[in-house]
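Visitor: I should like to learn how to read the features of a protein model, one at a time. Could you begin with the general idea and then turn to the case at hand?

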Amino acid sequence: MTTGGNHDDGTEQASESPSVETVDARNSKGFVARNVGVQFGNELIVDDASFFGYKGEVLGIIGPNGAGKTTVLKVLAGLLKPSAGNVTIGDTALDDIAASSRPKRIAYVPQSAGTHPFTVLETVLMGRYPHLRRFQIESKDDTAIALAALDRMDVAQFKDRRISTLSGGERQRVLLARALAQQSDVLFVDEPLTSLDIKHQLLSLQVLRDEARERDVTVCAVLHDLNMAGRFCDRLVLMSKGRVVAVDTPVKVITEEHIHDVFGVRATVRFDALTSSLRVELIGAS
């Protein structure tokens, strides 16, 4: 698989952005969205969106507020029925995956974490439920998987605390840990950095990238920070006003022209040798 990117000197590598029609010929697809549309009343929220996610990659969805990012992510995760188009997970149409089987195939992390009376460890163990038979209790292996996920997200020290006692950022990391413990084929994450401090922003995206590589799963995340998206994502989907503007490697998507046309902001984009990724410097609203 060619994902493109940058050489160490900042020059662009050859990139490959096959169409949705050609991805079916590959053995590496995690999900495919074809001509997805979502309409609420007379308002078209998502219009004819087509893109896919490979196994083993982190796919970022970027765009301004109101672009349709969260809506299309909910369609991909099976939480929202599209008005048009369809989604496949691997080789199976999403509509053909039984509700009881979906958690083995799909994990979803929302923008914000609510509160409930369960402890942190109990919350993360919920991610193991899809792997248990009816009335079966968690095994030592299930508990070990949950504890490892807590450790990866730097929340193991809170395992016996009730989730309602944690800060918003800590709760968000617990939800990410639960999704890791779920060990699904595709992981959809909606704005995972919103409540996190800078250390845990870096940690979370590094863990998601490691999860994609180590388990050969597809991670698809809605992100607002263009620098983080350019650094940790293999490919990006740029959306504006409900439509897909571009799907390609970060060097092809995060451009001064796209930032101006889609976000209405003047910016400079350069290669940062320290992080081996793109660096966006905002100048001002256009």
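Guide: A residue is called buried when its relative accessible area is under 20%, and exposed when that area is over 50%. The model before us is predicted. Val207, for instance, has a relative accessible area of 5%, so Val207 is buried.

Visitor: Where is Val207 found, and which residues does Val207 touch beyond four places away in sequence?

Guide: Val207 is found in helix α7. Leaving aside residues up to four places away in sequence, Val207 touches Arg152, Met153 and Leu180. For a pair separated along the chain, consider Val207 and Ile61: they are 146 residues apart in sequence, and their C-alpha atoms are separated by 18 Å.

Visitor: How is the span of helix α7 to be checked?

Guide: The expected span of a helix is 1.5 Å times one less than its number of residues. Helix α7 comprises 18 residues, 198–215, and should therefore span 26 Å; its end C-alpha atoms are 26 Å apart, in agreement.

Visitor: Which residues of α7 are buried, and which exposed residues does the face turned away from them carry?

Guide: The buried residues of α7 are His200, Gln201, Ser204, Leu205, Val207, Leu208, Glu211 and Ala212. Around the axis they cover an arc of only 155 degrees, which means that they lie on the same side of α7. The face turned away from this buried side carries the exposed residues Ile198, Lys199 and Glu214. Elements covering the buried residues include β3 (58–62), α5 (140–152), α6 (168–182), β7 (186–190), β8 (218–222) and α8 (226–232).

Visitor: What caps the N-terminal end of α7, and what follows the helix?

Guide: Asp197 caps the N-terminal end, with a side-chain oxygen 3.2 Å from the backbone nitrogen of Lys199. After α7 comes Asp216, whose phi is positive, near 55 degrees.

Visitor: How should one read the nonpolar cores?

Guide: In soluble globular proteins, nonpolar side chains tend to be buried together. Here the largest nonpolar core has 52 residues, and Ile62, Val124 and Leu187 have the most contacts inside it. Helix α6 gives the most to this core, with seven residues. A second, separate core of 27 residues includes Phe51, Leu59, Ile106 and Val237.

Visitor: Which residues does Val124 touch, and is Ala177 buried or exposed?

Guide: Not counting residues up to four places away in sequence, Val124 touches Ala146, Ala149, Leu150, Val174, Ala177, Arg178 and Ala181. Ala177 is found in helix α6 and, at 0% relative accessibility, counts as buried. With the same exclusion of residues up to four places away, Ala177 touches Val124, Ala149, Leu150 and Met153.

Visitor: What is the order of the strands in the open sheet?

Guide: The open sheet has four strands in the order β2-β1-β4-β5, with antiparallel pairing. The edges are β2 (43–54) and β5 (92–93); each has a single partner strand, so one side of each is left without a neighbour in the sheet. Strand β1 (residues 29–40) pairs with β2 over eight bridges, and Ala33 has Phe51 in β2 as its bridge partner.

Visitor: How many residues lie between the strands of the hairpin formed by β11 and β12?

Guide: Four residues lie between them, and Ser276 in the turn has a positive phi of about 55 degrees. Strands β11 (residues 265–272) and β12 (residues 277–285) run antiparallel and are joined by eight bridges. Thr268 stands opposite Glu281 in β12.

Key
Residues numbered from 1 in each chain as written. Predicted model: local features only at pLDDT ≥ 70, side-chain atom pairs only at ≥ 80, totals over all residues. Heavy atoms only, no water. Helix = DSSP H or I, 4+ residues; strand = E, 2+ residues; numbered from the N terminus. Buried < 20%, exposed > 50% of the residue type's maximum accessible area, 1.4 Å probe, protein only. Arc of directions from axis to C-beta. Contact = heavy atoms within 4.5 Å. Polar contact = N/O pair within 3.5 Å; in protein donor to acceptor, adjacent residues only side chain to side chain. Pairing = 2+ DSSP bridges. Core = buried A, V, L, I, M, F, W, Y, C linked by side-chain atoms within 4.5 Å.
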